Amino acid sequence: MDFTFCSHCGNTLEPSQDQEWDFECSKCNQRYYINPTPVVAALVFLDDKLVIVSSKNKDLWGLPGGYVSIGESLEEAIIREVLEETNLQIRIIDFLASYPMMKNERNLVFVVFIAEVDDGEPRAGDDVDELLVLTPKDAYEQLTGKFAKKALEYWMSLATDL
Ligand SMILES: [Zn+2]
């Protein structure tokens, strides 16, 4: 993300020396804040197995999820994304963890929920290439997304009955 010009007056922006905001316009004093964008994901359990997806045109295996739309809660976003990507209606069981991350030079915060399938048959949606239903251990081996792996590793460290 690159704030080069003030969107109020067009003046060139300089990074702020103040820790509370990121850029300040020296001409009109408008302050700019750079905050991370949330990305939601879920460990989606279908019985005792996990549903994982691969992205289109990439050999990247991750957890179902995506960006939050304006006006949506994180919970609504993950329910919508999972339905779009996997054809599964989920029920959120718990919040698992969140991880700050960078993707394409954007600051994100990856928010991971634990969910169970309420309804539907698993089927790869338009946004995904393939879908797999695997045991947590096999899913861990298959996942390539760094934070998806981290989240599952964390969940496995909490689970006592694997
Ligand atoms: Zn300005």
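So, which residues does the domain assignment give to domain 1, and which to domain 2? Domain 1 takes 1-34, and domain 2 takes 37-158. Keep in mind, everyone, that what you see above is a predicted model.

Let's get the overall picture first. The centres of those two domains, taken over C-alpha atoms, are 35 Å apart. If you box in the C-alpha atoms along the principal axes, you get roughly 60 × 30 × 30 Å. The radius of gyration is 19 Å, whereas a compact globule of 162 residues would come in near 15 Å. And 23% of the 162 residues count as buried.

Now the parts list. We've got three helices and ten strands. Walking from the N terminus, the order is β-β-β-β-β-β-β-α-β-β-β-α-α.

Okay, domain 1, residues 1-34. Look for an open sheet of three strands, ordered E1-E2-E3, with antiparallel pairing. At the edges sit E1 (14-15) and E3 (31-32), each pairing on one side only. E1 is joined to E2, residues 23-24, by two bridges. If you want a landmark there, find Pro 15, which stands opposite Phe 23 in E2.

On to domain 2, residues 37-158. One spot to check is Val 39, whose bridge partner in E9 is Phe 110. E9 also pairs with E8, residues 89-103, this time antiparallel and over 13 bridges. Gln 89 is partnered with Asp 119 in that pairing. The E8 and E9 hairpin has two residues between the strands, and Asn 104 there takes a positive phi near 50°.

What about the core? The largest nonpolar core has 31 residues, and Ala 42, Leu 43 and Val 44 have the most contacts inside it. E4, E5 (49-55), helix H1 (74-86), E9 and helix H3 (146-158) each put in at least two residues. As background, nonpolar side chains tend to be buried together in soluble globular proteins.

Let me zoom in on Val 44. Which residues does Val 44 contact, once you leave aside neighbours within four places in sequence? They are Leu 50, Val 51, Pro 64, Val 82, Thr 86, Leu 88, Ile 90, Ala 115 and Val 117.

One last number, on contacts across the whole protein. Taking contacts between residues at least 6 apart in sequence, 56% join residues at least 24 apart.

Key
Residues are numbered from 1 along each chain as its sequence is written. This is a predicted model: local features need pLDDT of at least 70, side-chain atom pairs count only at pLDDT 80 or more; totals for chains, interfaces and linings use all residues. Two strands pair if DSSP finds at least two bridges between them. Helices (H or I, at least four residues) and strands (E, at least two) are DSSP runs, numbered from the N terminus. Domain bounds come from an automatic or database domain assignment. A nonpolar core is a set of buried Ala, Val, Leu, Ile, Met, Phe, Trp, Tyr and Cys residues joined through C-beta atoms within 7 Å. A residue is buried if 20 or more other C-beta atoms lie within 10 Å of its own, exposed if 12 or fewer, and partly exposed in between; C-beta atoms are placed from the backbone. Two residues are in contact if their C-beta atoms, placed from the backbone, lie within 7 Å. The radius of gyration is taken over C-alpha atoms; the globule rule is 2.2 Å times the number of residues to the power 0.38.
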